[in-house]
Amino acid sequence: MGTAGSQSRPVQQARLQDRPARQDKFDPDECGACPLRTKCTQAASGRGRTVSITEDEALQSKFRKLQQTGPGRAVLRQRIPVEHALAHIAARKGHSARYIGARRNLFELRRAAAIQNLESAQRLMQEAA
């Protein structure tokens, strides 16, 4: 967006080094004069706006629209148990690798997953009894 909702042309387009994306930078003078600046950016006065757009933006947009529909919400509800299980494993393991080397860390991940599965099975058996 540009001045008062009009489309403006980015000053610079660059490809980000660390992830596939396009980064558009908008002119500070144009952004500073825009009455919608406060809704568009929190950057300091005299600074333009930078917008990063990933290569899969169209796919992400499709998924955002899908999650607003009934069938899309049903698909998301199917993911809840898996997401919760992964969160429990992450909480058990922490956010950093415990060992040096992929082999030991893979073993640690599988061990944590096995413990999580055993605890879940025990909980289900107690609920059934």
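**Salt bridges and surface features of the predicted model**

Because arginine 79 and glutamate 83 lie 4 residues apart in helix α4 (residues 70–93), about one helical turn separates them; helices here are DSSP runs (H or I, at least four residues), numbered from the N terminus. The structure is a predicted model, in which local features require pLDDT of at least 70 and side-chain atom pairs count only at pLDDT 80 or more, whereas totals for chains, interfaces and linings use all residues. Residues are numbered from 1 along each chain as its sequence is written, and side-chain values use heavy atoms, with hydrogens and water left out.

The side chains of arginine 79 and glutamate 83 meet in a salt bridge with an N to O distance of 2.5 Å, a salt bridge being a side-chain nitrogen of Lys or Arg within 4 Å of a carboxyl oxygen of Asp or Glu. Arginine 79, at 46% relative accessibility, counts as partly exposed, and glutamate 83 is likewise partly exposed, at 36% (buried means under 20% relative accessible area, exposed over 50%, and partly exposed in between, with a 1.4 Å probe and protein chains only). The structure holds 6 salt bridges.

Another salt bridge is formed by arginine 92 and glutamate 119, whose closest N and O atoms are 2.7 Å apart. This pair links distant parts of the chain, since arginine 92 belongs to helix α4 and glutamate 119 to helix α5, 27 residues apart. Arginine 92 is partly exposed, with a relative accessible area of 35%, and glutamate 119 is partly exposed at 39%.

Within helix α5, glutamate 127 and arginine 123 are 4 residues apart and therefore separated by about one helical turn, and their side chains meet in a salt bridge (3.9 Å, N to O). Glutamate 127 is exposed, with a relative accessible area of 56%, whereas arginine 123 is partly exposed at 43%. Salt bridges that share partners also join Arg98, Glu108 and Arg111 into one network. Not counting residues up to four places away in sequence, glutamate 108 touches Lys93, Arg98 and Tyr99, contact meaning heavy atoms within 4.5 Å.

Leucine 66 is found in helix α3 (residues 57–66) and is partly exposed, with a relative accessible area of 39%. Together with Leu59 and Phe63, Leu66 forms a nonpolar patch on the surface, with about 270 Å² of accessible area in total. Such patches are made of residues with over 30% relative accessible area and no salt bridge, like charges being joined within 9 Å and nonpolar side chains (Val, Leu, Ile, Met, Phe, Trp, Tyr) within 5 Å, and accessible areas come from the Shrake-Rupley method with a 1.4 Å probe, where for residues only the protein chains shown count as cover.

Notes. Helix = DSSP H or I, 4+ residues; strand = E, 2+ residues; numbered from the N terminus.
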